[in-house]
Amino acid sequence: MHNQRKLRKFLENGGDILALSLSFFVSSFLAKRHAGIAAGPFALQVQEILLLLFLVLAWNFGSKVFGLFDVSCAKTLTTELTAMGKNTLLQIVAIIAFSFVNKSQVHSRFFVLTYCLALLALLVFRRLAFRLSLAALQKSDRRLNHVLIVGGGDVAQRFFATVAASARLGFKVTGYIADQAAPGFACAHLG
């Protein structure tokens with residue numbers, strides 16, 4: 001289970017960085033076109049490359065601070081969207097700080113606006129797609145962790161009810177082991 005969490009954290013962070021980079025390239029290209037500068041979509045100046053690296057570092061920092069790296073399956077979509085919004089605001093602050101420190105006028109307000117909108121759109125799309133694919137895997141039993149409950153008492157029944165009510169947790173109760181079958185327990189008594 002630990003390896004699954006590490007893999008999920010890696011995939012989520014990698015997806016965020018990919019969305020950030022794609023948003024940056026698209027916004028930079030559109031901002032240059034808006035200003036009448038002829039440039040290809042991947043033609044970046046040194047200042048832009050440094051800004052992109054700075055934004056990736058700021059995103060990683062913000063992700064840790066705002067809890068985007070928390071790979072808890074029980075995290076709600078609203079919590080994730082709020083953390084993404086806060087982290088996107090941090091991106092605006094990072095762009096302003098970078099421009100102030102480097103005394104550069106490379107990025108216009110148009111760039112900042114398109115970058116933030118594109119970043120939010122890509123992140124929301126990526127997170128929704130990720131959640132839907134996880135749900136599909138859980139329905140097919142591929143991603144489920146099978147659990148055996150030891151005991152048939154009140155605590156065991158409450159645990160079973162919690163696991164059964166929240167499929168996002170990724171557990172499937174195989175059955176329970178107790179001295180005798182507990183009345184009202186909704187899973188198989190295995191001995």
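Modeller: This is a predicted model. Rings of Phe, Tyr and Trp, the last by its six-membered ring, form a pair if their centres lie within 6.5 Å. Planes under 30 degrees apart count as stacked, over 60 as edge-to-face, and the rest as tilted.

Biologist: How many aromatic pairs are there by this rule?

Modeller: The count comes to five aromatic pairs.

Biologist: What kind of pair do F24 and F25 make, and why?

Modeller: The planes of F24 and F25 stand at 85°, with the ring centres 6.4 Å apart, so this pair is edge-to-face.

Biologist: Is F24 buried or exposed?

Modeller: F24 is buried, as its relative accessible area is 0%.

Biologist: What about F54 and F98?

Modeller: F54 and F98 form a tilted pair, with 5.9 Å from centre to centre and 35° between the planes. The pair links distant parts of the chain: F54 belongs to helix α2 (residues 46-66) and F98 to helix α3 (residues 77-102), 44 residues apart.

Biologist: How accessible are F54 and F98?

Modeller: F54 has a relative accessible area of 34%, so F54 is partly exposed. F98 has 10% relative accessibility and therefore counts as buried, the cut-off being under 20%.

Biologist: Which residues do ring pairs link into a cluster?

Modeller: The cluster consists of F24, F25, F111 and Y115.

Biologist: And what does Y115 touch, leaving out residues up to four places away in sequence?

Modeller: Y115 touches L20, S23, F24, S27, L55, Q91 and I95.

Biologist: Turning to the largest nonpolar core, which residues touch the most other members?

Modeller: The core has 24 residues, and L20, L55, F111 and Y115 touch the most other members. At least two residues of this core come from each of α1 (2-34), α2, α3 and α4 (109-139).

Biologist: Let us look at α2 itself. How far does α2 reach?

Modeller: From first C-alpha to last, the 21 residues of α2 reach 30 Å, close to the 30 Å expected at 1.5 Å a residue. The buried residues of α2 include L51, L52, L55, A58, W59 and G62.

Biologist: Why might residues three or four places apart point the same way?

Modeller: An α-helix has 3.6 residues a turn, so residues at that spacing point the same way.

Biologist: What comes just after α2?

Modeller: Just after α2, G67 takes a positive phi of about 85°.

Biologist: Finally, where does F160 lie?

Modeller: F160 lies in helix α5 (residues 154-165). F160 counts as buried because its relative accessibility is 16%. F160 and V173 are 13 residues apart in sequence, and their C-alpha atoms are 7.2 Å apart in space.

Methods
Residues numbered from 1 in each chain as written. Predicted model: local features only at pLDDT ≥ 70, side-chain atom pairs only at ≥ 80, totals over all residues. Heavy atoms only, no water. Buried < 20%, exposed > 50% of the residue type's maximum accessible area, 1.4 Å probe, protein only. Helix = DSSP H or I, 4+ residues; strand = E, 2+ residues; numbered from the N terminus. Core = buried A, V, L, I, M, F, W, Y, C linked by side-chain atoms within 4.5 Å. Contact = heavy atoms within 4.5 Å. Expected span 1.5 Å × (residues − 1).
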